[in-house]
Amino acid sequence: MIKILVVDDSIIMRNIVKNTFSTMKKPFDCLEAENGKQALRLLESNNITIVFLDWNMPGMDGMEFLKVVRAMPQYKDLPIVMVTSERGKFSVIEALQNGATDYIVKPVQEKTFKEKITEILVLARD
């Protein structure tokens with residue numbers, strides 16, 4: 001079973017990710033966090049398959065979470081997808097240099113989102 005962790009302070013965005021997975025007809029379990037601190041606790045106590053991560057959140061933002069997680073050897077291969085409204089070229093470069101697996105700009109187009117998820121899950125199994 002695919003276990004996803006959606007880290008976003010917006011419940012609407014968390015629901016979009018969950019709804020996209022439900023339309024893909026793949027068995028999944030979804031954990032949700034409103035910020036990076038909550039996400040770290042969930043990550044450490046669950047066997048997460050993929051993380052969808054917003055950048056701008058209170059407490060611990062997505063970039064800080066990404067840096068902390070990538071510094072932990074047990075998560076070096078964990079797919080982490082930034083799903084954010086940060087669309088500047090330097091933001092994308094910063095996220096990828098800090099270990100993001102992929103980068104999706106909000107608003108999310110369902111077709112594109114499904115394609116990215118499928119691609120990442122196939123790579124994660126290899």
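Ile11, Ile12 and Ile16 together make a nonpolar surface patch of about 290 Å². Such patches are made of residues with over 30% relative accessible area and no salt bridge, with like charges joined within 9 Å and nonpolar side chains (Val, Leu, Ile, Met, Phe, Trp, Tyr) within 5 Å; the areas come from the Shrake-Rupley method with a 1.4 Å probe, and for residues only the protein chains shown count as cover. Please keep in mind that this is a predicted model, in which local features need pLDDT of at least 70, side-chain atom pairs count only at pLDDT 80 or more, and totals for chains, interfaces and linings use all residues. Residues are numbered from 1 along each chain as its sequence is written, and side-chain values use heavy atoms, with hydrogens and water left out.

**The patch and its helix**

- Ile11, one of the patch residues, lies in helix α1; helices (H or I, at least four residues) and strands (E, at least two) are DSSP runs, numbered from the N terminus.
- Ile11 has a relative accessible area of 51% and is exposed, where exposed means over 50%, buried under 20% and partly exposed in between (1.4 Å probe, protein chains only).

**Aromatic pairs**

- The structure holds three aromatic pairs; rings of Phe, Tyr and Trp (its six-membered ring) pair if their centres lie within 6.5 Å, and planes under 30 degrees apart count as stacked, over 60 as edge-to-face and the rest as tilted.
- One of them is the edge-to-face pair of Phe21 and Phe52, with 6.0 Å from centre to centre and 70 degrees between the planes.
- Phe21 belongs to helix α1 (residues 11-23) and Phe52 to strand β3 (residues 50-53), so this pair ties together parts that are 31 residues apart in sequence.

- In α2, the residues Gly36, Ala39, Leu40 and Leu43 are buried.
- These α2 residues cover an arc of only 105 degrees around the axis, so they sit on the same side of α2; the arc is that of the directions from the helix axis to the C-beta atoms.
- The buried residues of α2 pack against β1, β2 and α3, with contact meaning heavy atoms within 4.5 Å.
- Helix α3 (residues 62-70) has Gly62, Met63, Phe65, Leu66, Val69 and Arg70 buried.

**A look at Leu66**

- Leu66 is part of helix α3 and counts as buried at 0% relative accessibility.
- Not counting residues up to four places away in sequence, Leu66 touches Leu53, Ile80, Met82, Ala95, Asn98, Gly99 and Ala100.
- Between the C-alpha atoms of Leu66 and Leu40 there are 10.0 Å, and the two residues are 26 residues apart along the chain.

**Salt bridges**

- Nine salt bridges are found in the structure, each being a side-chain nitrogen of Lys or Arg within 4 Å of a carboxyl oxygen of Asp or Glu.
- Asp29 and Lys3 form a salt bridge whose closest N and O atoms are 3.9 Å apart.
- That pair links distant parts of the chain, with Asp29 in strand β2 (residues 28-33) and Lys3 in strand β1 (residues 2-7), 26 residues apart.
- Asp29 is partly exposed, with a relative accessible area of 30%.
- Another salt bridge joins Asp77 and Lys76, with 3.1 Å between the closest N and O atoms; Asp77 and Lys76 are both exposed.
- Lys111 and Glu115 meet through their side chains in a salt bridge of 3.3 Å, N to O.
- Both of these residues, Lys111 and Glu115, are in helix α5 (residues 110-125), four residues apart, about one turn of the helix.
- Lys111 counts as exposed at 63% relative accessibility, while Glu115 counts as partly exposed at 43%.
- A network of salt bridges links Asp8, Asp54 and Lys106.

**Two prolines in loops**

- Lys106 and Pro107 are joined by a cis peptide bond, with omega about 0 degrees.
- Pro107 is in the loop between β5 (102-105) and α5.
- Pro27 is in the loop between α1 and β2 and is exposed, with a relative accessible area of 55%.
- Pro27 touches Met1 and Ile2, not counting residues up to four places away in sequence.
- From C-alpha to C-alpha, Pro27 and Ile2 are 6.4 Å apart in space, and they are 25 residues apart in sequence.
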